[in-house]
Amino acid sequence: MIKTSVLYFAILIISASIVCFEIISTRISSVIFVNNYAYIILSLAILGLGMGGIYSHYKIKSNKNTGVSSIILKTVLLLGISLSFFLVTIILFNVTNTFLYFILLFFPFFLAGIVYAQLFKFYAKKSF
């Protein structure tokens with residue numbers, strides 16, 4: 001069982017990293033593309049978080065005995081890899097294709113939605 005303070009700290013770190021990623025991707029898109037594309041990122045963030053929660057609800061079947069921590073740990077690891085992959089791909093390969101840019105941008109928000117859904121599913125009594 002995860003301590004309450006560790007759980008709150010994990011949610012704080014994940015939320016801060018997702019908000020920072022959203023700000024960074026907005027700045028990158030306003031430099032690479034026309035300034036109007038920067039406003040699509042907020043919509044993609046909301047879409048990704050929502051679709052991650054829906055995917056988690058219907059596709060990830062587990063209970064507290066099967067290792068919720070392992071599901072969350074794997075998803076957080078994939079979240080870090082997807083954040084790094086996005087930044088490295090955009091910087092090294094100079095991606096100017098809007099479709100590819102927004103597809104790469106969608107995955108970190110999707111994985112964060114899965115993490116949030118799993119955390120709030122199994123620790124609902126500890127959330128406010």
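User: To start, where is Thr89 found?

Analyst: Thr89 is found in helix 3; helices (H or I, at least four residues) and strands (E, at least two) are DSSP runs, numbered from the N terminus. Please note that this is a predicted model, in which local features need pLDDT of at least 70, side-chain atom pairs count only at pLDDT 80 or more, and totals for chains, interfaces and linings use all residues. Residues are numbered from 1 along each chain as its sequence is written, and side-chain values use heavy atoms, with hydrogens and water left out.

User: Is Thr89 buried or exposed?

Analyst: Thr89 is buried, as its relative accessible area is 10%. Buried means under 20% relative accessible area, exposed over 50%, and partly exposed in between, with a 1.4 Å probe and protein chains only.

User: What does Thr89 touch, leaving out residues up to four places away in sequence?

Analyst: With those left out, Thr89 touches Asn94, Val95 and Leu104. Contact means heavy atoms within 4.5 Å.

User: Asn94, then. Where does it lie?

Analyst: Asn94 lies in the loop between helix 3 (68-93) and helix 4. It has a positive phi of about 50° although it is not a glycine. Asn94 counts as exposed because its relative accessibility is 56%.

User: Let me step back. How many helices and strands does the chain have?

Analyst: The protein chain has four helices and zero strands, and its pattern along the sequence is α-α-α-α. The C-alpha trace spans about 50 × 25 × 25 Å along its principal axes.

User: What share of the residues is buried?

Analyst: Of the 128 residues, 38% count as buried. The accessible surface comes to about 8000 Å², and 73% of it belongs to carbon and sulfur atoms. Accessible areas come from the Shrake-Rupley method with a 1.4 Å probe; for residues, only the protein chains shown count as cover.

User: Which residues touch the most other members in the largest nonpolar core?

Analyst: That core has 33 residues, and those touching the most other members are Leu79, Phe86, Ile90, Tyr101, Leu105 and Leu119. A nonpolar core is a set of buried Ala, Val, Leu, Ile, Met, Phe, Trp, Tyr and Cys residues joined through side-chain atoms within 4.5 Å. Helix 1, helix 2 (40-59), helix 3 and helix 4 each supply at least two residues of this core, and the largest share, 14 residues, comes from helix 4. In soluble globular proteins, nonpolar side chains tend to be buried together.

User: Take Leu105. What does it touch?

Analyst: Not counting residues up to four places away in sequence, Leu105 touches Phe21, Ser25, Ile41, Leu44 and Phe86.

User: And Ile41, where does that one lie?

Analyst: Ile41 lies in helix 2 and is buried, with a relative accessible area of 0%. Beyond its neighbours within four places in sequence, its contacts include Glu22, Ser29, Tyr101 and Leu105. Ile41 and Ile24 are 17 residues apart along the chain, and their C-alpha atoms are separated by 10 Å.

User: New topic: how much space lies in the largest pocket?

Analyst: About 210 Å³ lies in the largest pocket. Of the 12 residues that line it, the closest to its centre are Ala10, Ile14, Ile72, Val76 and Leu119. Helix 1 gives the most to this lining, with five residues. On a 1 Å grid over the protein atoms alone, a pocket is an open set of points with protein on both sides within 12 Å along at least five of seven lines, whereas a cavity is a set where a 1.4 Å probe fits but cannot get out; lining residues have an atom within 4 Å of a point. Grid points are joined across faces, edges and corners, and a volume is the space filled by probe spheres set on the points.

User: How many cavities of 30 Å³ or more are there?

Analyst: The count is one cavity of 30 Å³ or more. The largest cavity has a volume of about 40 Å³, and its lining consists of Leu7, Tyr8, Ile11, Leu119, Phe120, Tyr123, Lys126 and Ser127.

User: Finally, what does Ala117 touch?

Analyst: Ala117, found in helix 4, touches Gly53 and Ser56, not counting residues up to four places away in sequence. At 22% relative accessibility, Ala117 counts as partly exposed.
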